[in-house]
Amino acid sequence: MEKGRRQVVVSALQFSCTDDVSTNVATAERLVRAAHAKGANIILIQELFEGYYFCQAQREDFFHRAKPYKDHPTILRMQKLAKELGVVIPVSFFEEANNAHYNSIAIIDADGSDLGLYRKSHIPDGPGYQEKFYFNPGDTGFKVFQTEFAKIGVAICWDQWFPEAARAMVLQGAEVLFYPTAIGSEPQDEGLDSRDHWKRVMQGHAGANVVPLVASNRIGKEVIETEHGKSAITFYGNSFIAGPTGEIVASADDKEEAILVAQFDLDKIKSKRQSWGIFRDRRPDLYKILLTLDGSNVTS
């Protein structure tokens, strides 16, 4: 970053996965290196990038894909890469923790150190996206991580639909929000396309909190053998970077591998966020209804 100015360069990667871990990790490393060559400081890889998005099926053999957080081989490799390049890399993985399983992400700082773990809080369950079969609800709460280049909030895919998650991270000081994702077509309804809805919701998080936001999604068609036959999802990519008013400053298409890069002046954005008054004028005393599921039985 420039001396005297808090400039950060963020990047979103987008690629098609195979179902071979070594191939996908090599692709991720190649793209991280390319993003670094473009000046990126914090580089986001898509959700569960080690293989196919296996949650199309409910198969007990897929639990073998989970590995413990400690000494996870992909995290260790990304720690080495982050230290070599001097970049921050959030690393998504399928975590085994004794008899629990989580959709997790480890945050690797620019010196290769592991800053900690976030476990996905909101777990979807629908045709093609049957994550409740595999993942326990995350127990870490929403977190922020002080990296070398910025204080960041990182949440995962389905979390991106919930404004409460974005607000919770920015309340804790997050200066940029990151969302690794795996989303595409709906196996039960070929006419349903959530792409634009997906983008607009996250653009709203950026604008409502006056912070940049980075979303990384995969591309390609993945076919999984399920208990009811074959299921296919065509992932729609459209990875993007939004600025602090929700404007899209970089975006990918629905088919091509991509390396998106954008630069932000964090001090300038901080001044805008403070002067806009959205955190000054919050009324937490009126928000107790948010602690309920049905909008009733609000406790004092």
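Buried means under 20% relative accessible area, exposed over 50%, and partly exposed in between (1.4 Å probe, protein chains only).

## Basis

This is a predicted model: local features need pLDDT of at least 70, side-chain atom pairs count only at pLDDT 80 or more, and totals for chains, interfaces and linings use all residues. Residues are numbered from 1 along each chain as its sequence is written, and side-chain values use heavy atoms, with hydrogens and water left out.

## Cysteines

The structure holds zero disulfides (a disulfide is a pair of cysteine sulfur atoms within 2.5 Å). Cys17 is in none; the nearest cysteine sulfur belongs to Cys55, 13 Å away. Cys17 is buried, at 6% relative accessible area. Cys55 is also in no disulfide, and its nearest cysteine sulfur, that of Cys157, is 9.5 Å away. Cys55 is buried too, at 0% relative accessibility.

## Sheet

Three strands form an open sheet in the order β2-β1-β16, with mixed pairing. Strands (E, at least two residues) and helices (H or I, at least four) are DSSP runs, numbered from the N terminus. Two strands pair if DSSP finds at least two bridges between them. β2 (42-44) and β16 (258-265) are the edges; each has a single partner strand, so one side of each lacks a neighbour in the sheet. The twist averages 20 degrees from one strand to the next.

β1 (residues 7-14) pairs with β16 in the antiparallel sense, over eight bridges. Val9 stands opposite Gln263 in β16.

## Helices on the sheet

Helix α1 (residues 21-37) lies across β1, β2 and β16, at about 150 degrees to β1. Helix α5 (residues 266-276) lies across β1 and β16, at about 65 degrees to β16. Contact means heavy atoms within 4.5 Å. Axes are lines fitted to C-alpha atoms, for helices over the stretch in contact, and angles run from 0 to 180 degrees between N-to-C directions.
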